[in-house]
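Visitor: I'd like to learn how to read a structure like this one. Could you walk me through it, feature by feature?

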Amino acid sequence: MGKAGKALRRALETYGISQNKLAVTLGVDRSVVFHWFHEKRDPSAETVVQIATALKTINPEAAAEFISLYVGDFLYHEDENPS
């Protein structure tokens with residue numbers, strides 16, 4: 001557990017977005033975002049897309065950061081991966 005939560009926490013903290021702001025934008029209870037943020041529950045793949053979409057309406061850079069952190073290594077081809 002936790003990759004989505006870590007990515008979400010970093011994006012929210014970096015861009016000064018509150019858990020409540022994201023929850024309101026998503027139309028979910030703040031406790032749902034709290035559980036993702038603190039890695040107590042992982043969002044489904046469909047929900048990850050909804051999170052990215054909600055973040056995009058709040059701050060497109062935050063959405064890009066979230067997606068980059070969540071699927072970053074997957075975006076590189078094996079021979080292009082800097083790790």
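**Reading the model together**

Guide: Happy to. Keep in mind that this is a predicted model. Let's begin with the overall layout.

Visitor: How many helices and strands are there in the protein chain?

Guide: Five helices and zero strands. Along the sequence, the pattern reads α-α-α-α-α. Of the 83 residues in the chain, 33% are buried. As for contacts between residues at least 6 apart in sequence, 61% join residues at least 24 apart.

Visitor: How do I read two helices that pack against each other?

Guide: Two packed helices are described by the angle between their axes and the distance between the axes. Here, take helix 1 (residues 3-15) and helix 3 (residues 30-37): the angle is about 110° and the axes are 7 Å apart. The range of 65 to 115 degrees counts as roughly perpendicular, so helix 1 and helix 3 are roughly perpendicular to each other.

Visitor: Which residues make the contact?

Guide: Helix 1 brings Gly5, Leu8, Arg9, Leu12 and Glu13, and helix 3 brings Val33, Trp36 and Phe37. By type, the residues of this contact are five nonpolar, one polar and two charged. While you're there, look at arginine 9: it lies over the face of phenylalanine 37, at 5.6 Å from the ring centre.

Visitor: And how do I read a pair of aromatic rings?

Guide: A pair of aromatic rings is described by the distance of the centres and the angle of the planes. Searching the whole structure turns up one aromatic pair. It consists of phenylalanine 66 and tyrosine 70, with ring centres 6.1 Å apart and planes at 10°; the pair is therefore stacked, since planes under 30 degrees apart count that way.

Visitor: Where do phenylalanine 66 and tyrosine 70 lie?

Guide: Both are in helix 5 (residues 60-75), four residues apart, which is about one turn of the helix.

Visitor: Is phenylalanine 66 buried or exposed?

Guide: Buried, with a relative accessible area of 1%. Tyrosine 70, at 26% relative accessibility, counts as partly exposed.

Visitor: What about the backbone? How should I read phi?

Guide: Most residues other than glycine have a negative phi. Glutamate 39 is not a glycine, yet its phi is positive, at about 60°.

Visitor: Where is the place of glutamate 39?

Guide: In the loop between helix 3 and helix 4 (45-58). With a relative accessibility of 22%, glutamate 39 counts as partly exposed.

Methods:
Residues numbered from 1 in each chain as written. Predicted model: local features only at pLDDT ≥ 70, side-chain atom pairs only at ≥ 80, totals over all residues. Heavy atoms only, no water. Phe/Tyr/Trp six-rings, centres within 6.5 Å; stacked < 30°, edge-to-face > 60°. Helix = DSSP H or I, 4+ residues; strand = E, 2+ residues; numbered from the N terminus. Buried < 20%, exposed > 50% of the residue type's maximum accessible area, 1.4 Å probe, protein only. Lys NZ or Arg CZ within 6 Å of the ring centre and 35° of its normal. Axes fitted to C-alpha atoms, helices over the stretch in contact; angles between N-to-C directions. Parallel < 35°, antiparallel > 145°, perpendicular 65-115°, else oblique. Contact = heavy atoms within 4.5 Å. Nonpolar A, V, L, I, M, F, W, Y, C, P; charged D, E, K, R; others polar.
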